[in-house]
Structure formats: structure tokens, C-alpha cells
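Colleague: I would like to learn how to read a sheet and one of its residues. Can you take me through it?

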Amino acid sequence: MSLVEESVKYFKDKNVVIVTDVETEGSIEEIAGVLLGGSDDCLLVKDDGDNLPTIINVAHIAWIYEDQEQG
């Protein structure tokens, strides 16, 4: 299974933190929110605000885990 399929299988509709390999000002970027789904090579994550969901290219994901504190 691909990373997208595995992520959706275990984390769909759960609060997750996605740690990326993107570094900004010496810190790696993390994206937190509810995993809405995914297809091809992307995951769709929605944060708590009124913002549109974020599309994440799985090529930049270092790891993903369920955010137990938010769920």
C-alpha cells in the first residue's frame, strides 16, 4: 500500500500531525488537523479554523501520527 492509502486507512477523520522534510528558519514544518482523505500522491488536512483544507504532497512527509491530545 502507498503512504496515502495507509494514512487514509488508519487516520481518516482523526486529528493528526504531519511532520514534513521542509525546513523554514532552522525548524521543520509540521501541519496539524483532521485528515479528510487523500488520492494519488496528496493528503488533504483541515485545521480547526475557517481556512480551506491544506493539500500535502506525500513526497515531503517525514512521518505522520495521531494527535492524541486533540482527539
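**Reading the sheet**

Modeller: Start with the strand order. An open sheet is formed by 5 strands, in the order β4-β3-β2-β1-β5, with antiparallel pairing. From one strand to the next, the twist averages 45 degrees. This is a predicted model: local features need pLDDT of at least 70, side-chain atom pairs count only at pLDDT 80 or more, and totals for chains, interfaces and linings use all residues. Residues are numbered from 1 along each chain as its sequence is written, and side-chain values use heavy atoms, leaving out hydrogens and water.

Colleague: What counts as a strand, a helix or a pair?

Modeller: Strands (E, at least two residues) and helices (H or I, at least four) are DSSP runs, numbered from the N terminus. Two strands pair if DSSP finds at least two bridges between them. Here, β1 (residues 15-24) and β2 (residues 27-39) pair in the antiparallel sense over 7 bridges. N15 has V34 in β2 as its bridge partner.

Colleague: Which strands does helix α1 touch?

Modeller: Contact means heavy atoms within 4.5 Å. Helix α1 (residues 3-11) packs on the sheet and touches β1, β2, β3 (42-46) and β5. Its direction makes about 75 degrees with that of β2. Axes are lines fitted to C-alpha atoms, for helices over the stretch in contact; angles run from 0 to 180 degrees between N-to-C directions.

Colleague: Where is I28, and what does I28 touch?

Modeller: I28 sits in strand β2. Leaving aside residues up to four places away in sequence, I28 touches V19, T20, V22 and E23. I28 and S7 are 21 residues apart in sequence and 20 Å apart in space, C-alpha to C-alpha.
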